[in-house]
Amino acid sequence: MSSNSEHQIAKQETIDKVAADALRPVNIGWGFKIWFALLAIALGVCIYAYSIQLREGLGVTGLRDFISWGMYIATFVFFVAASLIGMLISGVLGLIGYDWIKPIGRIAEIIAVAFAAIAGLVIVSDMGRPDRLPYVFMYGRFQSPILWDVTVVTTYFALSLLLYYVTLLPDLAISKDKLEGRPKLLRKAYEVLSIKWLHKNEQYRILYRIIRILLILIIPTAFAIHTVTSWLFAVNPRPGWDSTIFGPYFLSGAFVAGAAAVIIAMYFFRNNYKLKDYLTISHFDKIGKLLALVSIIYLYFNINEFLVPGYKLKKFDAIHLQALFVGKHAILFWFTQITGLILPIILLFFRKMRRPIPLTVISVFVLIGAWLKRYLIVVPTQEHPYLPIQHVPEVFKVYTPTLIETAVTAASFILVIMIITLLSKLFPVIPIWEVAEDIDKKALKENAEKE
Amino acid sequence: MEKEQPQKGENQHEDKGAQSRRDFLKKLGLIGTASVAGAAAMYTGFHYEQSKGKGDKVKVLTADNKLVEVDKSALKDSKPSLEVFQERGREGIPGKRWVMVIDLSKCRNARQCVTACQSAHRLRPYEYHINTLQIQETENTPPYHMPKPCQHCDNPPCVSVCPVDATFKRQDGIVLIDNERCIGCRFCVAACPYSARMVHWQEPRYAKQDKGKTYDVELNVPQKKGTISKCLFSADQLRDGELPYCVSACPNGVFYFGDENEDAVTNGTTKETVRLSKLLRDNGAYRLMPELGTKPRVYYLPPKNRIFDFPEKSILDDTDHA
């Protein structure tokens, strides 16, 4: 009996300690305000650029009749890709029962929510008639992969947001009394959002069940969103897109982009939020291995995607591959393949390279490569249609993104960073209750071993 | 009454309008003399106009070539509304299966098909519903000119991918687009293997002049910013019993156009009508990229015995030709 109550006290102490560490950065301080103001100003400039596009039409972009999908669509694919990591880490690894992912699960969910939320907006920025967006719901035809995409992206966003929120619930209840000195509004928000969570065993039982259901649901949904996104291309009879492996090819590439994004976020939070005790070197080592694994799978699909048509060299495949391998896109192509994929795989084999700083640097290159790769998937294919491009102005033959287009694309990135900032600055980025529980479990085990 | 029988299209409405106006004035005059005040006469006349013509029948020719008798009072003196244009534009012309045959041996690249099309559909010189391309298949085969309209596929990839049913396939074989519906996602542009579609990236050429015009789905005028435009096989002309703009503009007899159900096509230049099946059989006709399974409604006759000059050099290395 006494040991039990001792244990209760110890457990409470653990929770208090983790809560204190996790809540330290939670505040609306000057740094946050300045950072957010900067983002808002930048966003304002970019929204001005979008207003020009809205007034003048898509002609202000570099898009023309032949290359009619460009940077916006590439960014959309990139965002959907990056958001999939939420599913891989929380869903797949969580259900398998890997406990090490617990402190980074929420970071992965934040990434998932932020990218999935803005992906839909990116698509709207690519529409010739954004005012007719409601038509998609009024007149939607289910034969069109766009309808599938709208359905699964919204579902995935909803599931990710729900997963983020329900795992945050106990934390909100733990934290609401520990926010001395924080703005009243923030404390009120914790109070309201915690919806009278009382840490009852029954509540936890239901919570575990809900989380489990969400994790199971989120796996097929995540597979669907990126497979369907790849079909936006693969259903078109065009060399470069006309591929049967586009689904898994995109999916495996998505995990590469997402893992890199999570590593960069982890590094930032570890240092700026002083979370070295929770986001440990061991965590970086493990997620470094995960990045290596998904990169190898992606490399495998790349080999399939390029080697097989490259061996046959059918007329139009040959034109496409020539442009990528040695033609006008060669520098970009080999940069993404080597710096964004092959070199990272080799480097990640070494333990030293999986330490926080080198791993983060590698991840930055991987992430840049991931965006460029989407660009290379979207644009070059359209430059070589089956019938020649003739009797049109020169600008129709090559695609050069304009400043306005770049600014509108930047707006979507700023919005993603804003969401990540809000979620990570106003709420704890590591799940207090799960981490405390984990520490407690380990302590119990050690005690048991001692006895 | 027989001579009042209208021929087609808008004339029908104009004739009818003039006639009923004459009627109205005549009757109004009679009543007017019998009335005390002119204003009262106007009022009565108005009511009379509403009730007159009961049992007065008139014969009219409908859009699908049926002669029907209708009550005179049911006729309205007006141009088709947007809804009428959209409804009949989606329905198409019953009983027809439009088909085009392009004889490559005759094309001298006069490009009059292109300019006639652009002027009818109010496009800029580089905005194409139909374009002529210089094609060379291999090093040792000679180059030739190829007019390329929309192929109006029977299995159109563009229609499959449209998320809002803006582009559609009609019963008479034509693939059209409704610019009042199009959201500008450009999925159809990506899906079309023939590069047949264009986008209004900016305000269309005659946006100002065409403002206020009722949008005709079968002419795609006024063109609209942010939407897709494409070849319509001149569906408005076909409704009037005329050949498409490009077909009748060609000076070299390249185009044949007609109805597959009748097995007859008419040459746009010579106006000679020939049997479609025989024309295809005798000339080794083919369709573009049949391997894609799109089933085009446009047939090509190979460029044999060409009657035009083409630069002797190969154009395979031209940057345009990749």
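**Exercise 1. Where in chain B does Asn220(B) lie?**

Before we dig in, this is a predicted model, where local features need pLDDT of at least 70, side-chain atom pairs count only at pLDDT 80 or more, and totals for chains, interfaces and linings use all residues. Residues are numbered from 1 along each chain as its sequence is written, while chains are lettered from A and ligands numbered from 1 in the order in which they are written.

*Solution.* 
- Step 1: Find the loop between β8 and β9 of chain B; Asn220(B) lies there. Strands here are DSSP runs of E, at least two residues, and helices are runs of H or I, at least four residues, numbered from the N terminus.
- Step 2: Check the backbone. Asn220(B) has a phi near 55°, positive although the residue is not glycine.
- Step 3: Look at Val221(B) and Pro222(B), joined by a cis peptide bond with omega about -5°. Pro222(B) is also in the loop between β8 (197-199) and β9 (228-230) of chain B.

**Exercise 2. Work out the strand order of the open sheet in chain B.**

*Solution.* 
- Step 1: Line up the 5 strands as β12-β11-β10-β3-β13 (chain B), with mixed pairing. Two strands pair if DSSP finds at least two bridges between them.
- Step 2: Pick out the edges, β12 (273-275) and β13 (298-301) of chain B, each pairing on one side only.
- Step 3: Zoom in on β3 (residues 98-103) and β10 (residues 255-259) of chain B, which pair in the antiparallel sense over 5 bridges. Within β10(B), Phe255(B) is the bridge partner of Ile102(B).

**Exercise 3. Describe how α3(A) and α10(A) cross.**

*Solution.* 
- Step 1: Take the axes of α3 (residues 71-83) and α10 (residues 246-272) of chain A: they come within 7 Å and cross at roughly 70°. Axes are lines fitted to C-alpha atoms, for helices over the stretch in contact, and angles run from 0 to 180 degrees between N-to-C directions.
- Step 2: Name the geometry. α3(A) and α10(A) are therefore roughly perpendicular to each other (65 to 115 degrees counts as such; under 35 is roughly parallel, over 145 roughly antiparallel and the rest oblique).
- Step 3: List who touches whom. From α3(A) come Phe78(A), Ala81(A), Ala82(A) and Ser83(A), and from α10(A) come Gly253(A), Ala254(A), Ala257(A), Gly258(A) and Ala261(A). Contact means C-beta atoms, placed from the backbone, within 7 Å.
- Step 4: Sort by class: 6 nonpolar, 3 polar and no charged residues. Ala, Val, Leu, Ile, Met, Phe, Trp, Tyr, Cys and Pro count as nonpolar, Asp, Glu, Lys and Arg as charged, and the others, Gly among them, as polar.

**Exercise 4. How many residues does each chain give to the contact between chain A and chain B?**

*Solution.* 
- Step 1: Count them: 38 residues from chain A and 38 residues from chain B.
- Step 2: On the chain A side, α6 (135-138) and α7 (145-175) are the elements giving two or more residues. α7(A) gives the most, with 3 residues.
- Step 3: By class, that chain A side has 20 nonpolar, 11 polar and 7 charged residues.
- Step 4: Check the scores: ipTM 0.92 and pTM 0.88.

Notes
Contact = placed C-beta atoms within 7 Å.
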